[in-house]
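Hello,

Here is the structure we talked about. Please open it first, then read my notes below.

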Amino acid sequence: MHYGPAMHEVATLLRDAKHVVVFTGAGISAESGVPTYRSGSDGLWSRQNMERYANPRGYQRHLDDAYAWYRARAKGVSEVEPNAGHHAIARLETLVDRCDVITQNVDNLHFRAGSRGTIELHGSLREFRCDGCGFRVGWESAPDSPRCACGDVIRPGVVMFEEMLPEAAFSAARDAAVECDVLISVGTSNQVWPARELPALAQASGAAVVIVNPDLTEQPEGRGVHQIAGLAGVVLPALLQMAWP
Ligand code: NAD
Ligand code: ZN
């Protein structure tokens, strides 16, 4: 396997780091069989369904179908397994003094790989809730009807388009990006806010920024940025192996 000198440089950076941030997007779960937003190969995650269900108005308007769609996605991600990339990240947490995992994913795969305390910027499909009365329930036990006894509706615990990011989570993510020595961005296009902001904050604060993605088009570059073209499930275990042989 050959990735050029970036691999060795990054392995050294990791071994010497006191504080690492791992920032992940849909690509980290691609090798588990969860389609990325861009792959568009999955009927569940089609543009039509996104427009229909993935914003608050659409959710209300198509309530029964939208609720069923989210429950099907929750079931879908529960039926796949974390991959070598998720496992490498959970192991990295045990190898450096401080390691913060920040994800845009809602699939719970970091948790299932053993990561704890992951900052979930877009919430999770793990839980459904009612904002009217504060009812919360695991996806498996979510009632058949989305109409809550209190008169409001039951909804997935994810951040929909047009909704705010959870304030505390995003603020913790920004602090981590500013304070870390190394930020590794894995499987995200880094195009859309907030994904664009976190690597930029780390870079501006003097941290090394590592990009792991098979497609490096329009990824951050410049001072302190190390790009590694490859799959998360291959590159991350290889980096750990080099840093801690
Ligand atoms: P994206 O779909 O825009 O981009 C995915 C990125 O992953 C691309 O840059 C692609 O080149 C890269 N990639 C594909 N396979 C990879 C692999 N094996 N290893 C490493 N990288 C790989 O995803 P995004 O940037 O995360 O943004 C899309 C939005 O969609 C996010 O907000 C996210 O919450 C949501 N989403 C989440 C999930 C999930 O929870 N698993 C799935 C789809 C979309
Ligand atoms: Zn309620």
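The site of the zinc ion (ligand 2) is tetrahedral, with angles of 101 to 115° among its four donor atoms. Four donors count as tetrahedral if all angles lie between 85 and 135 degrees. Donors are N, O and S atoms within 2.8 Å of the metal (3.2 Å for Na, K and Ca). Here the protein donors are the SG atoms of Cys 130, Cys 133, Cys 148 and Cys 150, lying 2.3 Å from the zinc ion. Their spacing in sequence is C-x2-C-x14-C-x1-C. Cys 133 sits in the loop between β4 and β5, and Cys 150 in the loop between β5 and β6, 17 residues apart. Cys 133 has 45% relative accessibility, so it counts as partly exposed. Partly exposed lies between buried (under 20% relative accessible area) and exposed (over 50%), with a 1.4 Å probe and protein chains only.

A note on the source: this is a predicted model, where local features need pLDDT of at least 70, side-chain atom pairs count only at pLDDT 80 or more, and totals for chains, interfaces and linings use all residues. Residues are numbered from 1 along each chain as written, chains are lettered from A and ligands numbered from 1 in the order written, and side-chain values use heavy atoms, without hydrogens or water.

Now the sheet. Three strands form an open sheet in the order β5-β4-β6, with antiparallel pairing. Strands are DSSP runs of E, at least two residues, numbered from the N terminus. Two strands pair if DSSP finds at least two bridges between them. β4 (residues 123–130) and β5 pair over three bridges.

Best wishes

Technical notes:
Helix = DSSP H or I, 4+ residues; strand = E, 2+ residues; numbered from the N terminus. Tetrahedral: all angles 85-135°; square planar, octahedral: opposite > 155°, others 65-115°.
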